[in-house]
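Work through the exercises below with the sequence and the structure in view. Try each task before reading its solution.

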Amino acid sequence: QVQLVESGGGLVQAGGSLRLSCAASGRTISSYGMGWFRQAPGKEREFVAAISKISRTVYADSVKGRFTISRDNAKNTVYLQMNSLKPEDTAVYYCAADRTGLGRTVVSSYNYWGQGTQVTVSS
């Protein structure tokens, strides 16, 4: 059983940056793959970025080169650094944990989810 809590969301102008954090509790996440997903109003939840238990990373084409996912197992925390933000990035961002450790790109691969944090990018 893993509990995940996201933080760091907020309102930012286009071109700005935010860093999201996902703090885990209940057990260590060192053996889990970790992912970030987002959901905008009226749209399905979509993949953003993931990192495997051996720190391999994968990104959605829409964020590649702008976002960076990282993990700090000692702090039991995963991060999403978001640079060059666009209005199209506006969504609720969710952190998720995958007990297989692979950190895959589809929602159904993940076992635990946080409550989400709102990111709003103004033009």
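Helices (H or I, at least four residues) and strands (E, at least two) are DSSP runs, numbered from the N terminus. The model is predicted: local features need pLDDT of at least 70, side-chain atom pairs count only at pLDDT 80 or more, and totals for chains, interfaces and linings use all residues. Residues are numbered from 1 along each chain as its sequence is written, and side-chain values use heavy atoms, with hydrogens and water left out.

**Exercise 1.** Locate Ser84 and state its phi and its accessibility.

Step 1. Ser84 sits in the loop between strand E8 (77–82) and strand E9 (91–98).
Step 2. Its phi is positive, about 50 degrees, although Ser84 is not a glycine.
Step 3. Ser84 counts as partly exposed because its relative accessibility is 41% (buried means under 20% relative accessible area, exposed over 50%, partly exposed in between; 1.4 Å probe, protein chains only).

**Exercise 2.** Is Arg71 buried or exposed, and which backbone oxygens lie by polar atoms of its side chain?

Step 1. Arg71 belongs to strand E7 (residues 67–72).
Step 2. Its relative accessibility is 14%, so Arg71 counts as buried.
Step 3. The backbone oxygen of Ile29 lies 2.6 Å from a polar atom of the Arg71 side chain, and for the backbone oxygen of Tyr32 the distance to such an atom is 2.8 Å.

Definitions and conventions. Polar contact = N/O pair within 3.5 Å; in protein donor to acceptor, adjacent residues only side chain to side chain.
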